[in-house]
Amino acid sequence: DSASHGFSFKGIKDYLDCYRSGKLTPSQVAKNIIAMLEDSDKSTPPLRAIVQWDQEQIMLMAKASTARYRNKCTLSYLDGIPVCLKEEFKVVPYHHRVGTVYLGTEPETEDATVAKKLREAGAIIIGVSNMHELGTGTTGCNPNRYHKIPRNPYEPNHFTGGSSSGSAAAVAAGLCPVAIGTDGGGSVRIPASFCGVVGLKGTFGRISSHGSLPLSYSTVSVGPICTSVADAAIVYSILAEPDPLYPYGLKQPKATLSDMCAPDLKGLKLGVDWTFFKACDAEVLSICEKAVEHLQSLGASVVEVSLPEMEEVRVAHVICILSEMRDFLQPDFNKHFQEMNLDTRANLALASQFTALDYITANRQRTRSMRFLREIFTTVNCILTPAVASTAPRIYESDLLTGSSDLSLTVRSMRFMQLGNFTGIPGLVVPIGYSTAGLPISFQVMAKWWDEAVLLRIGLKLEQFRYQTKKPSIYYNILS
């Protein structure tokens, strides 16, 4: 719990306080959300954060939660908490469209593992959120008829980032304090950064991705997008465990939150590769450097490290993720080419140029990079970088019609993200300030495999660095 100055996002604790004190019931909250969802669809421009929702479903879950609060038998800290899931996950009874117009023709009858766990925890699933078509981009720009372009709650004429675009927009706009995304090339962390909220990419395999479309099986991790680090920790602790239906995470050590609330950062060594760190806009760099000083002032020591072969990592990650997506989407590419957005076609066409030899070489690079990281993590507890090299890009009129394809922007937005996806290490992004144009700027901490606890510990301290939280220009106060 932290004393706030001025605006602060409503988080899990605010909802629980309302429920426990009897000020509001989950049913009343659900009614507010339904009214806000209707409003967000009608606003100019429409927010387009949640693309499928069902009034009856929302009220059913809320009613059950209200009864549990009345009988004092709640299921978890998420009981009665509104959440949304990226459309990449199967969620009953919604269409599993994954950002397309041609997938998910019938309503789902089976939940993805994370959806099932959220229901078991008593959460109110308010719907499924918008995403970049098939997760193929970092802007969130999706002009097709079912999705349209989600708007950045801080600056509605700027992108949210992608591919978990609607998840970040829904949290930043106050529609729900928790959203679930997937991250294969920064797809949780980029939109969280652009929208000024917290995003956690778990270690590869830590949270089950069973029931999400297996677009890239070796780079994608699942993670929460939340209004605070504490909330991300709560969601992580509920979702992180082995799932018999998801073999990649079966051998994981138990998830803990050890030392998360330690009063300082004494004894922690924070690794920084300054050459890599500085490859960002001046405005981003200046505030990120100050954040490093803030962490030092809390007792952590900063150690210069060298992250070798980052250009090779960048290329190899692109080869891996696009080759795996192209392999999985080959039938779609042949059969539904005309129904895909232009940038999706371009990316999948590019992917078809990679050879088996390219893929094998890229995976050899992965083995090398993982070995380098193993050595680095014997000397430091984590690696610090800016989250994204620049702030959220503008939306142009043409983007609304034909979509957006700007490769230099894609490369810039993924620069600090790819190492985590390529090697499977976890990463946390935390908002630390704003550009002169009022757009959020965020900071990233990465740790060794399975050590999410140290990320959350540092993340809590990073939140204290931000001396104010600006209120987004689109914001719904569900609890008022």
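**Notes on the core, cysteines and sheet**

1. Let's start inside: beyond its neighbours within four places in sequence, Leu384 is in contact (heavy atoms within 4.5 Å) with Leu270, Gly271, Val272, Phe277, Val292, Leu295, Phe443, Gln444 and Val445. A second, separate core of 12 residues includes Tyr102, Met131, Leu215 and Phe333. A nonpolar core here is a set of buried Ala, Val, Leu, Ile, Met, Phe, Trp, Tyr and Cys residues joined through side-chain atoms within 4.5 Å; buried means under 20% relative accessible area (1.4 Å probe, protein chains only).

2. A word on the numbers: this is a predicted model, where local features need pLDDT of at least 70 and side-chain atom pairs count only at pLDDT 80 or more, while totals for chains, interfaces and linings use all residues. Residues are numbered from 1 along each chain as its sequence is written, and side-chain values use heavy atoms, leaving out hydrogens and water.

3. If you are wondering about cysteines, the whole structure has zero disulfides (pairs of cysteine sulfur atoms within 2.5 Å). For Cys280, the nearest cysteine sulfur belongs to Cys288, 6.0 Å away. Cys280 is buried, at 14% relative accessible area. Cys382 is in no disulfide either, with the sulfur of Cys288 nearest at 14 Å; Cys382 is buried at 0% relative accessibility.

4. Now the sheet: 11 strands (DSSP E runs of at least two residues) form an open, mixed sheet in the order S1-S3-S2-S4-S6-S5-S10-S11-S9-S7-S8. Its edge strands, S1 (50-52) and S8 (301-304), each pair on one side only, where pairing takes at least two DSSP bridges between two strands.

Key
Buried means under 20% relative accessible area, exposed over 50%, partly exposed in between (1.4 Å probe, protein chains only). Helices (H or I, at least four residues) and strands (E, at least two) are DSSP runs, numbered from the N terminus.
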